[in-house]
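Biologist: I've got a complex on screen and some questions to go with it. Could you walk me through the packing, the interfaces and the confidence?

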Amino acid sequence: MNIFKRLLKNRISLLGLILLLCFVFVAIAAPWLAPPKEGSDPYRIPRRGWSLEPTPPTAQYPLGLTQGQYDIYYGLIWGTRTAFRVGIIVITFRALIGIILGSIAAYYGGLLDEILMRFTDIFMSFPYLIGVVVFVSIFGPGLNNVMIPLIALGWMPYARMIRGNILAIKQEEYVLAARAIGVSDFKIITRHILPNSIFPVLIQASMQIGSIVISVSALSFLGLGAPEGYADWGQMLSFARNWMLGEQGNVLKYWFTVVYPGLAMVLFVLSWNLIGDAFRDIMDPRIQA
Amino acid sequence: MKGKVWLWLVIALVVIGAGVLIWTGQAPKQETGGAQGVKFDPNIFVFVGSGDAETLDPSKAYDTASSEIIFQYYENLLAYKEGSLDEFVPMLATEVPSVANGLISADGKTYTFPIRKGVKFHNGAELTPEDVEYSFERNILADPTGGPMWMLIEPLFGVATIKDLACQIAGVDSFDQVNEAALRATGQRVMDAIEVDGDNVVFHLSTPYPPFLSILARNSSWSCILNKEWMIANGAWDGKAETWTKWHDLPTEEQALFEKAMGTGPYKQIEWDRSNSRHTMEAHADYWRGPAAIKTVIVNNGVTEFNTRKLMLQKGEADAIYVPVENSPQLEGMEGVTLIRNLPRLNNVCAIFNQEINAVDNEFVGSGKLDGNGIPPHFFSDINIRKAFCYAFDYDSFIEQVVLGEASVPYGVIPMGLSDFFDTNGPRYSYDLEKAEEYFKKAFGGEVWEKGFKLTLVWNIPNTTRKTACEILEHGIESINPKFQVEVQGMEWATMLPRRREGRLPMVFIGWLADYADPHNFVYPYVHSKGDFMAFTGELGRKFAAAEFDELVNAGINESDQAKRIAIYSEIQKKTIELAPHLMLYDAYDRRAHRDWVKGFVFDPICPANYDFYALSKSLD
Amino acid sequence: MLSYIVRRLLFLPVVLFGVTALIFALISTLGPWTRVATFVPSPDAERHVDLEAIIRKYNLDDPPLKMYLRWVKNLLQGNLGWSQSSHMTVTEAIARRFPATLELTLFAVIPVIIGGIFLGVISALHHNKPLDHATRIMAITLWSMPDFVLGLAVLMVGFGVLGWFPPGRLSAWAELEVLKESFRSFTGMYTLDSLLNLRLDIFWDALRHIIAPVFTLACLWWAFMLRITRSSMLDVLNQDYVRTARAKGLSEKTVIKKHALGNALIPVTTVASSMLLGLLGGVMIVETVFNYPGLGLLTSTAATRLDVPCVVGVALFYAVILVVVNLVVDVLYSIIDPRVRLE
């Protein structure tokens with residue numbers, strides 16, 4: 001509770017929290033904010049025509065229609081749900097795998113450490129983006145096929161960080177002492193080592209929810225993300241890529257195709273990053289303001 | 001602090017560097033032309049496209065990107081007369097054969113070409129009739145799988161591949177069983193079909209074949225003329241009847257001409273930088289029609305981003321770029337740039353009705369039964385369903401909004417580019433939901449209307465034009481009856497291929513780009529029972545084609561009288577509307593975008609290359 | 001230490017086996033009819049193609065284990081196979097593309113490390129003061145930008161509006177110069193080669209082309225570097241030994257230089273190495289935007305066309321680099337942080 005209070009006190013994290021709460025609200029209220037057509041998949045953005053050229057905002061479509069006449073407003077509202085889903089699922093699984101493997105490896109050391117770290121090495125030897133692209137190319141585009149490789153190729157830094165921190169902390173006196181008096185392994189890990197080594201992992205994790213959304217959008221840019229027409233900000237941004245430069249003499253003609261989805265994405269990522277940044281200061285008892 | 005010194009040093013370096021960069025500005029020896037310091041160099045032409053050639057070997061090349069490059073390096077015996085698709089002018093031959101001048105025999109089976117003298121290859125060697133003979137024999141005997149050589153093998157030997165010819169000669173079923181003697185006989189047979197006679201080269205066809213000259217004409221990369229001596233020196237076929245199997249159907253990269261080129265064309269190859277998808281070529285100084293005006297041409301096929309290409313054109317880094325149809329509005333009105341639209345091309349796009357769907361474990365046909373939750377395998381064998389679908393597609397919206405007017409509503413399987421061959425007052429489909437409803441009610445004795453159906457249309461990623469076509473069709477059909485459900489699904493080509501092959505797709509969205517300018521090249525793949533597209537319609541579809549179309553298609557190819565041919569193709573065209581074997585979506589048009597300083601561009605609907613660089617020059621007036 | 005390094009290097013083949021086996025395992029889920037698709041460039045190009053013959057010719061219907069063993073056998077003979085998507089052998093493709101990516105990476109790493117560490121330290125020293133807030137917000141905002149949006153924006157301004165920084169690696173005239181025999185290729189990195197050839201005009205041209213992608217990469221990674229340095233510096237500044245040093249009355253400069261900075265850079269080394277690797281492997285997007293023909297572009301083309309030999313080859317190549325760099329980092333780690341023991 002104390003942490004939460006301090007997060008509220010810090011202006012930067014407060015801003016982040018407010019932003020985040022707005023997004024949470026939009027995600028929850030999506031069916032009311034942008035009611036989907038009855039009987040159809042709500043994540044499929046409705047098309048208001050067939051032309052590729054974007055249509056500027058009108059009273060009926062306040063944020064305009066992007067390439068292919070997909071409704072930007074609708075896409076942004078339902079895209080919020082997609083962003084949360086993808087970010088949270090990927091990060092949870094990554095952090096979980098990383099923390100478990102990293103702490104086991106560091107605490108027990110020896111052969112187990114060796115095996116686990118070589119296992120980590122094998123996964124780390126997979127160039128991240130290339131690995132994801134290969135996976136998606138083989139199994140076809142789609143959000144699930146993007147999330148699996150993002151998890152499988154993303155847990156290793158956490159494992160390494162945890163291990164590094166624990167290796168350093170293991171040598172600290174209070175842990176040596178606890179061990180000497182016969183405290184059980186489980187207790188030492190959960191009471192002493194995890195609280196003292198988990199914080200960098202938490203920053204990393206919170207920072208990454210934002211960058212996951214960016215990674216997915218990068219895949220959309222390469223044509224490997226969500227299926228076309230699916231409510232996903234990255235895809236809406238990649239719709240804009242052919243129109244970003246406008247026309248000669250009117251560079252900003254299609255500004256709405258970039259600005260709205262871009263703003264949604266940057267603000268979403270920003271909110272996580274702001275909180276993550278403040279979190280780090282608060283979680284670390286050694287830093288006093 | 002020391003760090004500060006470092007920082008200032010870095011900043012200073014960056015500032016100085018940027019200053020020098022701006023000061024040195026553009027490259028040396030470049031003039032400035034047009035507004036805003038756009039670069040102009042009359043000696044270099046840069047074309048920027050997307051998607052590189054697969055090979056430069058004419059016996060294998062069968063994609064536009066490859067033919068585009070081959071076109072600049074090599075030449076053919078004939079060329080199309082400017083602005084015509086059925087008249088020819090001589091090129092490396094000195095006369096166009098006809099029955100009238102006696103160079104085509106009365107039975108239409110022997111063609112004689114007098115060969116031009118004094119034509120120089122890029123290495124200085126002079127063209128001989130032996131080179132011509134060797135070129136055809138070598139390409140035909142190489143006949144790599146997936147290549148274009150069937151087009152020559154068919155008229156010359158009446159079979160589809162050289163392996164088939166060997167089997168026929170040996171009297172066996174499989175190429176593995178062909179013995180040594182029969183292999184030699186096959187080689188000899190090919191060498192006998194094309195012969196040197198003094199200064200002439202003579203072709204002996206197995207049947208009369210009206211489009212034969214089209215198949216030989218310029219723009220046909222498979223018929224271009226190679227340099228025999230140079231070829232043999234570079235490890236190609238040695239010209240002997242008994243050895244050809246050594247060079248037959250080699251992997252693409254092992255073929256002699258995979259990355260090299262030696263022809264008589266206006267440009268000679270400097271380099272194919274495959275890692276950058278870039279071709280560099282230089283004007284051939286001894287070219288027989290006189291050297292080209294533009295000395296150096298760079299074809300950069302490695303720029304996949306349209307934005308980048310557009311900026312390069314705008315800044316004069318590129319003289320011409322490839323523009324996809326959806327992006328052409330962005331070039332409209334760009335200063336210093338000419339955009340030419342609505343160029344009729346020999347290309348059309350259709351959706352094939354699979355008349356006998358493979359329904360085993362098929363995710364695209366719902367329940368696989370006519371129960372409102374699927375379609376039965378022979379759903380599209382009912383003509384009423386096919387016609388209803390044809391009436392449910394909003395042609396005008398598609399053409400206006402998706403391809404921005406650069407297409408027309410088809411009169412059948414032969415595209416507008418060949419409108420000389422059919423009646424342009426003939427029937428066409430239009431978007432008419434009442435008619436569609438009428439046909440849906442008739443289908444399957446009214447059962448379809450009562451129970452409804454469900455099916456999935458599949459488009460190939462990343463072709464979003466086809467996705468929109470699917471969605472327009474979906475929209476049309478679903479607004480007729482709420483019980484009709486159409487789903488649209490995108491699929492990677494690699495995932496789609498096995499499904500298409502197994503006949504699982506209810507409808508196949510596909511386009512056809514002409515190999516040569518003759519209606520036969522459209523009616524055969526589209527409606528002959530052995531054609532490429534009928535292969536996607538199942539056994540029932542092929543039987544239907546054999547009963548309705550085969551006779552007409554064969555009549556068209558065996559007729560040499562032009563008026564009679566036109567009558568036959570008009571009839572086929574009408575029948576493809578009447579029986580609706582496919583949903584013909586649109587006849588596609590083409591466009592070009594280049595700097596205003598590019599002069600001499602002439603559009604040629606059958607030319608594989610965007611530009612014939614020989615015809616171009618650059619000037620600022 | 002030495003035995004540790006030797007042991008790790010001996011482990012290299014195991015890692016390589018793991019990586020390649022993993023890819024083959026993934027690929028084994030595809031049928032021969034999917035694999036054959038790379039031989040047909042597009043759905044409309046399947047004309048008169050005897051796909052069955054292609055499958056037979058290239059043994060595409062072999063069981064995955066057999067394919068893998070054949071691949072290993074070829075690898076031992078130094079043959080990585082033919083890349084269908086780039087029209088050359090995989091070895092040649094990597095050899096030609098890698099210098100471009102390396103050039104880009106090296107250019108990006110230097111400003112990122114220097115600038116990132118410097119500003120990170122400044123930010124930490126001014127903890128919670130306006131300077132700290134300003135750099136932090138700038139860094140967070142940059143870090144929140146999708147790379148292709150930033151890249152396109154840089155392209156739009158640098159080339160579209162100003163006309164200074166064109167895409168690609170060289171201008172057309174410079175390409176022709178480089179093709180000439182008088183221009184000797186030493187490294188494949190044009191900026192370096194042109195200097196070695198004493199061709200300043202080509203050097204400027206190459207530099208003009210590389211600035212925009214380098215700037216984009218630097219913006220993204222610089223923010224990352226700054227944040228990590230700041231965190232770690234703050235952490236160290238609050239450690240007991242730094243407080244003790246301060247309490248002893250040592251000058252702030254000495255405290256930072258002698259006690260804090262060295263320790264604060266420990267986690268930074270890990271980050272720097274992962275950044276280097278990330279840059280080498282992850283410049284795919286930036287290369288696509290600026291049409292910079294490096295390994296990233298090669299891989300994305302190969303992967304989308306399911307060009308198996310090329311994808312496996314590149315993955316193998318990266319795996320070697322990654323393992324070596326990681327080993328170097330581990331060794332460095334143990335040198336600067338005596339608390340970590342290499343066993």
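Biologist: Which residues of H6(C) does H5(C) meet?
Modeller: Bear in mind that this is a predicted model. On the H5(C) side you have Leu119(C), Ile122(C) and Ser123(C). By class, this helix contact has 3 nonpolar, 2 polar and 2 charged residues. The partners in H6(C) are Leu131(C), Asp132(C), Thr135(C) and Arg136(C).

Biologist: And how are H5(C) and H6(C) oriented to each other?
Modeller: Start with the axes of H5 (residues 90–125) and H6 (residues 130–143) of chain C, which come within 8 Å and cross at roughly 140 degrees. The crossing is left-handed. Angles over 145 degrees would count as roughly antiparallel. H5(C) and H6(C) are therefore oblique.

Biologist: Zooming out, in what order do the elements of chain A run from the N terminus on?
Modeller: Chain A comes to 11 helices and 2 strands. Its C-alpha atoms fill a box of roughly 75 × 45 × 45 Å along the principal axes. Read from the N terminus on, the order is α-α-β-β-α-α-α-α-α-α-α-α-α.

Biologist: Now the contact between chains A and C: which element gives the largest share of chain A's side?
Modeller: The contact takes 43 residues from chain A and 49 residues from chain C. Elements giving two or more residues to chain A's side are H4 (110–124), H5 (128–139), H7 (156–170), H9 (185–221) and H11 (255–283) of chain A. The largest share is 9 residues, and it comes from H11(A).

Biologist: How many nonpolar residues does that side of chain A have?
Modeller: Let's sort the side of chain A that touches chain C by class. It has 7 polar and 7 charged residues. The nonpolar count is 29.

Biologist: What about the side of chain A that touches chain B, how many polar residues are there?
Modeller: This contact takes 18 residues from chain A and 25 residues from chain B. On the chain A side, 6 are nonpolar and 5 are charged. The polar count there is 7.

Biologist: Moving to chain B, which helix gives the most to the side of domain 1 that touches domain 2?
Modeller: The domain assignment of chain B gives domain 1 (41–53 + 66–73 + 266–342 + 590–621), domain 2 (74–254) and domain 3 (347–588). The C-alpha centres of domains 1 and 2 of chain B lie 30 Å apart, and 13 residues of domain 1 are in contact with 12 residues of domain 2. The domain 1 side divides into 9 nonpolar, 2 polar and 2 charged residues. Giving the most to that side, with 4 residues, is H2 (residues 64–73) of chain B.

Biologist: Where in chain B is the pLDDT below 50?
Modeller: Chain B averages a pLDDT of 90, with 95% of the residues scoring at least 70. The stretch with pLDDT below 50 has 21 contacts in the model beyond near neighbours in sequence. You'll find it at residues 25–36 of chain B.

Biologist: Which element of chain A has the lowest confidence?
Modeller: Chain A averages a pLDDT of 82, and 91% of the residues score at least 70. Confidence in chain A is highest in S2 (residues 70–71), at 92. The lowest mean, 70, belongs to helix H1 (residues 2–9) of chain A.

Biologist: Which element of chain C has the lowest mean pLDDT?
Modeller: The mean pLDDT of chain C is 81, and 97% of its residues reach 70 or more. Among its elements, strand S2 (residues 88–89) has the highest mean, 88. The lowest, 72, goes to helix H12 (residues 252–282) of chain C.

Biologist: Last one: what ipTM does the predictor give the complex?
Modeller: There are two scores for the complex. The pTM is 0.81. The ipTM is 0.75.

Technical notes
Residues numbered from 1 in each chain as written. Chains lettered and ligands numbered in written order. Predicted model: local features only at pLDDT ≥ 70, side-chain atom pairs only at ≥ 80, totals over all residues. Contact = placed C-beta atoms within 7 Å. Nonpolar A, V, L, I, M, F, W, Y, C, P; charged D, E, K, R; others polar. Axes fitted to C-alpha atoms, helices over the stretch in contact; angles between N-to-C directions. Parallel < 35°, antiparallel > 145°, perpendicular 65-115°, else oblique. Left-handed = near helix turned anticlockwise from the far one by under 90°. pLDDT = per-residue confidence, 0-100. Domains from an automatic or database assignment.
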